[in-house]
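Okay, everyone, thanks for coming.

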Amino acid sequence: MPEFQRFSYDVLVIGAGGAGLRAAIEAAANGVTVGVVCKSLLGKAHTVMAEGGIAAALANVDDRDNWRVHFADTMRGGQYLNNWRMAELHAKEAPECVRELEAWGALFDRTKDGKILQRNFGGHKYPRLAHVGDRTGLEMIRTLQDHGIHAGMEVHMECTVLSLLLDGNRIAGACGYDREKGRFYVWQAKAVVLATGGIGRAFKITSNSWEYTGDGLALAYRAGAELQDMEFVQFHPTGMVWPISVRGILVTEGVRGEGGVLRNKEGRRFMFDDIPELYKEQTADSEDEGWRYTQGDKAARRPPELLTRDHVARCINREVKAGRGSPHGGVFLDISWIKERLPKSEEHIKRKLPSMYHQFKQLADLDITKEPMEVGPTTHYMMGGVRLDGDSQASTIPGLFAAGEVAAGLHGANRLGGNSLSDLLVFGRRAGRYAAAFAKANGQVGVDETGLQTAAEAALAPFERGSSAENPYQVQYDLQEAMQNLVGIVRTESEMEQALEVIGQLRVRAERVGVGGNCEYNNGWHTAIDLGNLLIVSEAVTRAALLRKESRGAQFREDFPGKDAEWGKHNIIVKRGADGEMHVEKRLLPPMPEELKAVIEEMK
Amino acid sequence: MATPATFRIWRGNSAGGGFQDYSAAVEEGMVVLDAVHHIQAQQAPDLAVRWNCKAGKCGSCSAEINGMPKLMCMTRLSDIDLNEPVTIEPMHTFPVIRDLVTDVSWNFKAKKTIKQFKPRPPDAPDGTWRVQQADVERVQEFRKCIECFLCQDVCHVLREHHKQDEFIGPRLLVHAAALEMHPLDAEDRVSDLRRLHNIGYCNITTCCRQVCPESITITENAIIPLKERVVDRYFDPLKRLFRIL
């Protein structure tokens, strides 16, 4: 019988990226005991990769900005499928959260009068992103980490959660194991905050690291929570495409915010050729106007490169498919051209985009101050996630909360760049606060010991099958290949039906995977365990995408290329049925209050 | 064009271990971590390696490659002579967990001993501060640190003399410098640097600076100015005289 190490907290936070750390800090500040479980070392979570900045209507650069504009931008970007309450709270509270981060030691780039500087980003009407060069995520996670270690939380690094524990219908904590020795743990808790990030590893080309296997989504789903908007997977338009080994690594939208342009192999700025109706009014009609916008001319409108990510990704995809792409299957992203407009452009680029300069120089032997980059879409972000109450971040399971990428709602059908870092802060804080309140208001929970043993035995099963059984890495590759090809940027019914078939076969193979060696830091074993989660989220994405018979935001259906007004009134909910099967259903959006409708109208 | 190459990887745990050879095909643009992943996926599924971002931003995949401390994700195979076996071993300064993975938890514990950021009172009535860009840029260098701990790996005080209980090492001195030189910080860490963190142990061999993947000028820009603050306060003969008087 496997032994369990036991810990007990008021609030357990699963995940230690921006949302998890912010939630843990807030819960601790509310006077409860807090445990944090994370899959990697502290400070290594994917937040570290965020480059562009934190969207918040501080109005430091353009005083026309305020929460109402930010709210309207977020709703427009999400094609009005967003949880309007979350979009409202996010726009209102983001500035305060940025200032709070500064009070904890984060240093942002400054305006001439010494305030926090803000940069342009896709879909944001005014310069709105607080940033520091192109390493804002690192600044943010390090600030939260360094503040958090003194805030009174116990951190369990390099642990994977196997399942959420329930006491009746209420959450009771989680069980899992550590990488180091493969020891099993029980973290008993009155409230749990999921902050596990996304699902990028379900796809072959992704900007996400090995960690992003949809754990939080699968844990919540298996515990009976509802998931929402799973069809909306964001393909970031600019990932590296060459060399092959770095394919998918992110190239920040900040490159375009600073004046970078997209060209096809004929040298044409193809983004001017296709500007969606919703954005016509706000988009520049000449290259010169676009340039002036990036340099802060308030009278100019944004260049089409700064349209929303879903649209830019599709345009790039179209150029490549039409044979107008770059040599390695992408298009050209050029920031070096600004030398025609700016003196000392080389230094300017290095100062504004230091880590991009470094990344290309070191990994692709390319100097971005002199040559164009080759870029193409990469799986980046999951808009969908655990369905929540907008105010409290509470899921449909009492005591279970979620924040950050694992949560659904704020971004609707497409997320604007920069809205993710602010999401982590605003809703990490809310989730931490409400989880602490829940823990205070509710009594102790019990742990079901037989459930623990079942979870541990299932986790150890791959060792019994041994190294001659199915290879877990191969099953993962095959799943990534299938999702990439069949449920990617362009979707169609027959291909998605085929994907469901493949997922079914892979589920059988996943049951048969085996590993050799022992429990000590065994990457093969970890991969085997993550497979179950990847298969659940892949199926949820596919089923939701099949049901939504229209194209909207990140979902593009070749067989239903237009928007459908009826679908525009519905979210898709995914839930495990009593029969153990996955159920998908459409559900009407909650009605928006008149005053928010008025804000949207006013900003049109 | 794939070229065959041999990778000599250290396998073992805290009880001991040794090198094992694997061959893998090397293609254009590959980094060391790619080769390790290929070997893991095809030949040694239980090979332990720690990694995350694979873009030089998280600092997880530190190892010693042909004897040099490096990030596996940023070391291109085209920069290495593939006619000889490429040796990959875990960082020596930290206890081995398994294969290429070491126990770096000491760094996290030691960091807690450094007094945290304490801002001066806000400059504006709305609770915000005014900072000049030049002041932000001055400490940027230190804040770039990705905590890969390669500098800790090569520090003699830690690697050869095992003074982990008395000395915090270059990474954490950089952290202290980032705080001390932060334009808003009002805390005083000089006494701790001298007595608790023993900054005097560092004899500025610059090994740490040479291995930093973020090119932070650790010794010249962080450690030496901190040493100067300690010297100014405690060893200035005039100030000493005043104290005696």
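First, the ground rules. This is a predicted model, so to speak: local features need pLDDT of at least 70, side-chain atom pairs count only at pLDDT 80 or more, and totals for chains, interfaces and linings use all residues. Residues are numbered from 1 along each chain as its sequence is written, chains are lettered from A and ligands numbered from 1 in the order in which they are written, and side-chain values use heavy atoms, with hydrogens and water left out.

Let's begin where the two chains meet. Chain A puts 62 residues into the contact and chain B puts in 60, with contact meaning heavy atoms within 4.5 Å. The area buried between them is about 5,100 Å², and carbon and sulfur atoms give 53% of that. Buried area here is the accessible area, with a 1.4 Å probe, that two parts lose on being put together, summed over both. On the chain A side, A:K44, A:L107 and A:Y521 supply 13% of the area that chain A buries against chain B, more than any other three residues.

Now the cores. A nonpolar core is a set of buried Ala, Val, Leu, Ile, Met, Phe, Trp, Tyr and Cys residues joined through side-chain atoms within 4.5 Å. Buried is under 20% relative accessible area, exposed is over 50%, and partly exposed is in between, using a 1.4 Å probe and protein chains only. The largest core has 185 residues, and those with the most contacts inside it are A:M373, B:F7, B:M72 and B:I88. Helix α11 of chain A, residues 419-441, gives the most to this core, with ten residues. Helices (H or I, at least four residues) and strands (E, at least two) are DSSP runs, numbered from the N terminus. There's also a second, separate core of 68 residues, which includes A:A189, A:F203, A:Y221 and A:L479.

Who touches B:I88? Leaving aside neighbours within four places in sequence, the contacts of B:I88 include B:F7, B:W10, B:F19, B:M72 and B:L100.

On to the empty spaces. Rolling a probe the size of a water molecule over the atoms shows where empty space is left. On a 1 Å grid over the protein atoms alone, a cavity is a set of points where a 1.4 Å probe fits but cannot get out, and a pocket is an open set with protein on both sides within 12 Å along at least five of seven lines; lining residues have an atom within 4 Å of a point. Grid points are joined across faces, edges and corners, and a volume is the space filled by probe spheres set on the points.

The largest pocket has a volume of about 1,300 Å³. It is lined by 49 residues, and the closest to its centre are A:R201, A:Y477, B:D34, B:H37 and B:K54. The largest share of that lining, six residues, comes from α1 of chain B.

The second largest pocket comes to about 900 Å³. Of its 33 lining residues, the closest to the centre are A:R222, A:E511, A:G532, A:N533 and A:I536. Here α15 of chain A gives the most, with nine residues.

As for cavities, the count by this rule is six of 30 Å³ or more. The second largest cavity has a volume of about 270 Å³. Of the 22 residues lining that cavity, the closest to its centre are A:R142, A:D146, B:R143, B:H175 and B:L179. The top contributor to the lining is α4 of chain A, with six residues.

Last, the backbone. Most residues other than glycine have a negative phi, and most peptide bonds are trans. Now look at the bond from A:W242 to A:P243: that one is cis, with omega near 0°. You'll find A:P243 in the loop between β11 and α6 of chain A.

Then there's B:F149, not a glycine, yet with a positive phi of about 65°. B:F149 lies in the loop between α3 and α4 of chain B.

B:S215 also has a positive phi, near 55°, and sits in the loop between α8 and α9 of chain B. Buried or exposed, which are B:F149 and B:S215? B:F149 counts as buried, at 5% relative accessibility, whereas B:S215 is exposed, with a relative accessible area of 53%.
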